[in-house]
Amino acid sequence: MDAKKILFITQEITPYLPESEIATICRNLPQGIQDRGREIRTFMPKFGNINERRNQLHEVIRLSGMNLIIDDTDHPLIIKVASIQSARMQVYFIDNDDFFQRKSTVTDEAGNEYEDNDDRSIFYVRGVLETVKKLRWIPDLIHCHGWMSALTGLYIKRAYADDPCLRNAKIVYSIYGDDFKVPFRNDFGKKLQMDGIAENDLRSIKEDASFVSLAKLAIDFSDGVIQGSESINPEISKYIESNKQIPFLPYQSPETYLDAFNSFYDVVLDKNQ
């Protein structure tokens with residue numbers, strides 16, 4: 001088997017953030033896939049509660065310095081990197097002072113979801129894809145974890161459809177029970193419209209950009225879907241069942257998911273070859 005290149009785009013990884021279902025899977029999965037002979041790259045947001053000194057993050061100057069425009073505003077893209085020595089694994093961090101300097105992740109200290117989580121999600125996904133292009137590293141498959149990565153398939157298959165680095169990448173989206181409660185703002189769809197993305201592509205989020213609508217958008221632009229949590233939103237479960245043409249992997253236990261995911265990647269990579 002060729003050592004296919006797998007890109008992991010996730011919301012959380014331990015030890016940089018506290019242990020959670022996503023953070024634990026995304027710590028162990030890239031290492032396990034690398035140990036199975038594949039080449040990997042891993043990205044997460046550089047949230048403000050990540051201790052840069054303790055985790056030895058440092059800026060990658062040659063990758064930083066780009067500006068991403070969201071809603072007519074320029075936002076500088078800063079790339080940092082750290083190593084998990086025991087895993088022989090690097091993690092790249094997407095940073096920006098406007099979006100990722102707060103002392104918590106997606107909610108404030110009182111548990112209220114940040115109003116600009118929509119913009120943060122756009123910036124994060126576009127930041128990852130632009131950085132991968134700068135790395136000149138061509139992924140065969142991109143595995144996305146957490147709703148902050150949900151826009152990846154849309155961008156790959158529309159905005160980056162002609163990009164030689166990204167256009168052939170297959171998208172796998174893992175659905176977790178990490179629902180956000182407050183829908184994104186009404187102009188979310190408008191902010192997503194850029195070269196290659198048409199209004200019709202955004203029909204699932206047209207009425208309301210809720211967690212369910214965003215998940216449906218991610219599924220529509222995926223080549224494979226994995227149930228990452230034992231229990232997920234029932235409306236999303238029904239939507240997955242109705243999309244028989246998209247390969248689906250049901251929930252896997254912590255003891256079995258590494259081999260199951262690795263085999264599922266081959267199913268997705270071999271489909272429509």
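A: In this predicted model, the largest nonpolar core holds 95 residues, and Y16 and L151 are the members that touch the most others. Helix 3, residues 117-135, gives the most to this core, with 8 residues.

Apart from its neighbours within four places in sequence, L151 is in contact with S121, I122, V125, F188, L192, L214 and L217.

Helix 3 itself is mostly covered, with 17 of its 19 residues buried. Its end C-alpha atoms are 27 Å apart, which agrees with the 27 Å that 19 residues should span at 1.5 Å a residue. Just after helix 3, R136 takes a positive phi of about 55°, and this residue is not a glycine. R136 is found in the loop between helix 3 and strand 7. R136 is exposed, because its relative accessible area is 75% and the cut-off for exposed is over 50%.

Helix 5, residues 188-192, contains K191. This lysine counts as buried because its relative accessibility is 12%, where buried means under 20%. Not counting residues up to four places away in sequence, K191 touches D71, D118, D119, I122 and R185.

Helix 4 covers residues 152-159. Its buried residues are T152, G153, L154, Y155 and I156. The cover over these buried residues includes strand 1, helix 3, strand 7, strand 8, helix 5 and helix 6 (211-220).

Strand 1 can be followed through I9, which is found in that strand. I9 is buried, as its relative accessible area is 0%. Leaving aside neighbours within four places in sequence, I9 is in contact with F43, Y124, V128, I142, H143, C144, H145, S149 and T152. The C-alpha atoms of I9 and M44 are separated by 6.3 Å, although the two residues are 35 apart along the chain.

The loop between strand 1 and helix 1 contains P15. The peptide bond from T14 to P15 is cis, with omega near 20°.

Helix 8, residues 257-270, has 14 residues and should span 20 Å at 1.5 Å a residue; its end C-alpha atoms are 20 Å apart, so the two values agree. The buried residues of helix 8 are Y257, A260, F261, N262, F264, Y265, V268 and L269. An α-helix has 3.6 residues a turn, so residues three or four places apart point the same way. The buried residues of helix 8 pack against strand 1 (5-10), helix 1 (21-35), strand 7 (141-145), strand 8, strand 9 (224-227) and strand 10 (248-249).

The remaining matter is empty space. Rolling a probe the size of a water molecule over the atoms shows where empty space is left. A search of the whole structure finds 1 cavity of 30 Å³ or more. About 40 Å³ of space lies in the largest cavity. Its lining consists of C144, S149, A150, T152, G153, I171, Y173, A218 and S222. Helix 4 and strand 8 (170-175) are the elements that give two or more residues to this lining. By class, the lining of the largest cavity has 5 nonpolar residues, 4 polar residues and no charged ones. C144, S149 and T152 in this lining are also among the contacts of I9.

As for open space, the largest pocket holds about 280 Å³. It is lined by 15 residues, and Q11, E12, T105, V106 and T107 lie nearest its centre. The lining of the largest pocket divides into 6 nonpolar, 5 polar and 4 charged residues.

Two other residues complete the account. D72 is found in the loop between strand 4 (66-70) and strand 5 (73-84). Its phi is positive, about 65°, although D72 is not a glycine. D72 counts as exposed because its relative accessibility is 75%. D35 is found in helix 1 and counts as partly exposed, since its relative accessibility is 48%.

Technical notes. Residues numbered from 1 in each chain as written. Predicted model: local features only at pLDDT ≥ 70, side-chain atom pairs only at ≥ 80, totals over all residues. Heavy atoms only, no water. 1 Å grid on protein atoms, 1.4 Å probe; cavity = no way out; pocket = protein on both sides within 12 Å on 5 of 7 lines; lining within 4 Å. Points joined across faces, edges and corners; volume = space filled by probe spheres on them. Helix = DSSP H or I, 4+ residues; strand = E, 2+ residues; numbered from the N terminus. Nonpolar A, V, L, I, M, F, W, Y, C, P; charged D, E, K, R; others polar. Expected span 1.5 Å × (residues − 1). Buried < 20%, exposed > 50% of the residue type's maximum accessible area, 1.4 Å probe, protein only. Contact = heavy atoms within 4.5 Å. Core = buried A, V, L, I, M, F, W, Y, C linked by side-chain atoms within 4.5 Å.
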